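Here is a friendly tour of one protein structure, taken a topic at a time. Have the sequence and the 3D view open as you read.

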Amino acid sequence: MKRNIYILLAFALLVVSCGDDSTSDPLSLEKDIIAMEAVGGVEKIQVTANDKWIASTDNPWITISPANGIGSSMCEFKIDSALTVEPRRGVVRIQNLATWDEREVVVEQKGFPYSIEVDDTSVDISNYDEYSNRHFDVTINSNVDFKIDIPDNAASWLSYDSYEIKLDRGMRPRKVKVRFKWDINSSPVERLAEVKFSPRQSVEMSRSDVLKVKQGAADPIIPDSRAGDSVALLCISRALRTLSSWDAATPMDMWNNVVLWDEGMEGCTPEKVGRVKRADFMLFNTVEKLPFEVKYLTAADELYFFGNTNTFMRSLELGDDISELTQLRRLTIGSYGLIDLPQSLAKLKNLEYLDVCANNFQRVPKVLTKENFPKLRSLIMNANQRSVVYDLSNTVRTDLGGFIDEPEFPVDLIKWDLDTLVLSVNYLQGEIPDFEDDDEVPYYTEQDLIEADTLPRQLVDMKIKKVMPSTKRFAINLNRLSGRLPNWLLYHPALDWWIPYSLVFPQEGRAADGAQAIFDNEPINLNYYYDIYPDKVQAAYYTGGEGETVE
């Protein structure tokens, strides 16, 4: 009897135990809301269950791991980075597979506010560095397309390369690197620029950084002094990257290619003694205008720049600094890569000699007029071809240099009446003007014969135009000229000095209209000329005929 009582008691306890289990929660969560920042992240939640369960969501930006299990487990909810500026909401459903009970986890994620953030908002740069080093990169984080605003006071020395920010996968911040370029600071005062970044569309910004760029001041150069001259020469050589430079430890008197003023020199004054009279810069490699330090050579009588690397590939400007040297008499800037000359060059009213050969001029620079250079006597502009194209009618290239864009022969240069005018080896086309209908160009007169008794009467009788009467050297060979040689040239008093069969008559190739570059009336020899000028000493010229020498 006692044994039966124990059995009944155990059965009752078992019934009670089963009843308690049936009333317990088959599925529960530690929390049912996840608040996530826009950058995304991971949140862990304890899942408590007594059977198999599974988690699912329709939101691809939410990942659950593990996504199913038996009994209790710690689940990781991985939330991707937001894509827009708007907040978003997602739901994860967790279901007990035995009882079909279900619980939900709500994920609320903030959107990205519109912002433009600069990794480093302050940049310090020196006043000088080599051209290839004059830049810095700025990394920008932004979720909006932006523009860069450089203040007006810095636009002359600070710029930036093109850039692109790709927002094709939404408006979350992306990194974009922008390269800024800077120019030399020639002033002894530091420069400051505040670069702003603003959205291209009208949106409310939560943050928009400002980039502060500070550039150091230039080392001062003592103007109008021997010491200033030596520093200027060294700086110019450094900036041009000349093949060889001067030794700063050696007195300037011993520097090669530098001539200093001496008391015995014509034009020397007490304040010029010991300062630079002439300086030559040869064989250099630059992609910039002349260095600003050139303006400190205020005693220089002549400057010579020649021999830039890959000249035919350059398209450079001269700059305005050299225009400050109003005392200059002779200037050579050859094989530099120039495509024009600045109007400021007209300040060089004392210039007597200008050589800008072997550059890349498409047209004759507008500044070159007799009004701008009243003392100029020699102008040399030969060999301006970037490359040799024999037939201009059979090429698609337009950037050939050589004055190829000149619509006709540069008439004003001939009217200038220089002592020397050299235009050889270019792409000048058309005919040489005869000036017969130009009333501004006079004929030779009886008065001319009286003033120069070496002039023959035929110049008056034949009504020859008085063109370039002072020119002793005239060279136009190897252009693309054609048509007839005008009488003023064929009977010019200095034609024999011009060595015409080498430096005037020979042309080559074809012009853009297909015309053969040759003069229709090129004389076989100069016998006709010496018949008119019987007192001239006859010079022999070889014209190419077998055994033929003409005089």
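## Charged partners

Arg278 is partly exposed, with a relative accessibility of 24%. Here buried means under 20% relative accessible area, exposed means over 50%, and partly exposed is in between (1.4 Å probe, protein chains only). Before going on, please note that this is a predicted model, in which local features need pLDDT of at least 70 and side-chain atom pairs count only at pLDDT 80 or more, while totals for chains, interfaces and linings use all residues. Residues are numbered from 1 along each chain as its sequence is written, and side-chain values use heavy atoms, with hydrogens and water left out.

Which residue does Asp280 form a salt bridge with? The partner is Arg278, and the closest N and O atoms are 2.7 Å apart. A salt bridge is a side-chain nitrogen of Lys or Arg within 4 Å of a carboxyl oxygen of Asp or Glu. Asp280 itself is buried, at 12% relative accessibility.

The structure holds 29 salt bridges. One of them joins Arg93 and Glu104, with 3.7 Å between the closest N and O atoms. This pair links distant parts of the chain: Arg93 belongs to strand 8 (residues 88-96) and Glu104 to strand 9 (residues 102-109), eleven residues apart. Helices (H or I, at least four residues) and strands (E, at least two) are DSSP runs, numbered from the N terminus. Arg93 is partly exposed at 31% relative accessibility, and Glu104 is partly exposed at 37%.

Another salt bridge is formed by Arg200 and Asp145, whose closest N and O atoms are 3.5 Å apart. Arg200 sits in the loop between strand 16 (191-199) and strand 17 (207-208), and Asp145 in the loop between strand 12 (135-142) and strand 13 (146-149), so the pair ties together parts that are 55 residues apart in sequence. Arg200 is exposed, with a relative accessible area of 51%, whereas Asp145 is partly exposed at 29%.

## Aromatic rings

How many aromatic pairs are there? The count comes to 18. Rings of Phe, Tyr and Trp (its six-membered ring) pair if their centres lie within 6.5 Å; planes under 30 degrees apart count as stacked, over 60 as edge-to-face and the rest as tilted. Phe435 and Trp488 make a tilted pair, at 6.3 Å centre to centre and with 50° between the planes. Phe435 lies in the loop between strand 26 (429-430) and helix 4 (446-451), and Trp488 in helix 6 (residues 487-490), so the pair ties together parts that are 53 residues apart in sequence. Both Phe435 and Trp488 are buried.

Tyr501 and Phe505 form an edge-to-face pair, with 5.0 Å from centre to centre and 85° between the planes. Tyr501 is buried, with a relative accessible area of 11%, and Phe505 is buried at 1%. Elsewhere, Phe136, Phe146, Tyr160, Tyr163, Phe180 and Phe197 form one aromatic cluster.

## Charges over rings

A charge sits over a ring if NZ of Lys or CZ of Arg is within 6 Å of the ring centre and within 35 degrees of the ring normal. The charged end of Arg330 sits over the ring of Tyr353, 3.9 Å from its centre. Lys536 lies over the face of Tyr533, at 5.4 Å from the ring centre.

## Pockets and a cavity

On a 1 Å grid over the protein atoms alone, a cavity is a set of points where a 1.4 Å probe fits but cannot get out, and a pocket is an open set with protein on both sides within 12 Å along at least five of seven lines; lining residues have an atom within 4 Å of a point. The largest pocket has a volume of about 680 Å³, where a volume is the space filled by probe spheres set on the points, which are joined across faces, edges and corners. This pocket is lined by 28 residues, and Arg134, Asp183, Ile184, Glu288 and Lys289 lie nearest its centre.

The second largest pocket holds about 360 Å³ of space. Among its 19 lining residues, Ala452, Thr454, Leu455, Pro493 and Tyr533 lie nearest its centre. The largest cavity has a volume of about 30 Å³, and Ser186, Pro188, Ala218, Asp219, Pro220, Ile221 and Tyr296 line it.
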